[in-house]
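Open the model in your viewer and keep the selection tool ready. Each stop below says what to select and what is there.

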Amino acid sequence: MKFNCELKRVVDDSYDIEIGRKLQDTLVSDHEEMALERKFDIARTGASVFVHSIKNQLLANRVLEKRIYQELDKPEPDLARIRECVDQLHACNEMLIARSEELYRTVKNKSVLLVPTTIGQVKQTTLERFYRKYPDAKLTCEMDESVTVLADCNYLSEALYNLLTNAWEANVAAGHADRPIGLATRRERLYTVLEISDEGGGITQEEQKKIFEPFYSSKNSNTSWGMGLYHVRTIVRAHVGSLRVESQPGKGTSFFVLLPKYVQGR
């Protein structure tokens, strides 16, 4: 599934001009460090960002709790396996506390701070979160870790983590847990593009019109609140970027995060 920016050249040119204006208006130079501060609409997005992030971690904890109970129900429980799960649960709880404090500070400030960040930094934080939830997931990574983007690493990693989680769950739901999902980067004219792809059941054209709406979900409403992709799009927009999707029912889906290309020294 190949993303073709050239087909959208006219639209992209207008968007590029708008990006340039926004960057010029809001880019702040502080000695040798460059930072771009983007304001959140706290009433609309701040609470959802906080709640969705915490909910994801609680769901991961539920998985570990289930594994512990399954082991305890066996005639001869594997104590080493139980201790491993308990250690993971402890680590998750410690991270939950740390992230609660971090997210609270960010929401309280009503902003994200975009600073020059390498794709390698974003990748490391993203995969740490993803594998903590799905340690056995299959993933192929084709990323130029030296590429620099203007980003809030915490928030951008949160967005990619959500997209990877959706991708893996789509593979599993389609019976393709033996196939890897993909995470890749490339340069497209004025953009750095991050692609997250899966081989799941795909998304119909009708569903694609709704997936970015808050509280829309095709999953079990007890475990999915329908805020994931809305949350992701909010983060991407705060990075002066855009989020696009290409999908074919029965073949899979690709999400594309387009971030303005950052050139050091300018």
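**Stop one: the sheet**

Select Cys-141: its bridge partner in E6 is Leu-183. This is a predicted model, where local features need pLDDT of at least 70, side-chain atom pairs count only at pLDDT 80 or more, and totals for chains, interfaces and linings use all residues. Residues are numbered from 1 along each chain as its sequence is written, and side-chain values use heavy atoms, with hydrogens and water left out.

Now show E4 with strand E6 (residues 181–188). Four bridges join them, and they run parallel. Strands here are DSSP runs of E with at least two residues, helices are runs of H or I with at least four, and both are numbered from the N terminus.

Five strands form it in the order E4-E6-E7-E9-E8. The sheet is open and its pairing is mixed. Two strands pair if DSSP finds at least two bridges between them. At the edges sit strand E4 (139–142) and strand E8 (242–248), each pairing on one side only. On average, neighbouring strands are turned by 15 degrees against each other, direction ignored.

**Stop two: helices across the sheet**

Select helix H4 (residues 119–133). H4 lies across E4, E6 and strand E7 (191–198). It runs at about 175 degrees to E4. Angles run from 0 to 180 degrees between N-to-C directions, and axes are lines fitted to C-alpha atoms, for helices over the stretch in contact.

Next, select H5. This helix lies across E4, E6, E7, E8 and strand E9 (252–260), at about 25 degrees to E7.

**Stop three: H5 against H7**

Which residues of H5 meet H7? They are Tyr-155, Leu-156, Glu-158, Ala-159, Asn-162, Leu-163 and Asn-166, and they meet Leu-229, His-231, Val-232 and Ile-235. Contact means heavy atoms within 4.5 Å.

**Stop four: Glu-71**

Move to Glu-71 in helix H2 (residues 42–72). Is Glu-71 buried or exposed? It counts as buried because its relative accessibility is 8%; buried means under 20% relative accessible area, exposed over 50%, partly exposed in between (1.4 Å probe, protein chains only). Not counting residues up to four places away in sequence, Glu-71 touches Pro-77, Asp-78, Arg-81 and Ile-82. A polar atom of the Glu-71 side chain lies 2.8 Å from the backbone nitrogen of Asp-78.

**Last stop: the whole chain**

Zoom out. The protein chain has seven helices and nine strands. Of its 266 residues, 45% count as buried.

Terms used:
Polar contact = N/O pair within 3.5 Å; in protein donor to acceptor, adjacent residues only side chain to side chain.
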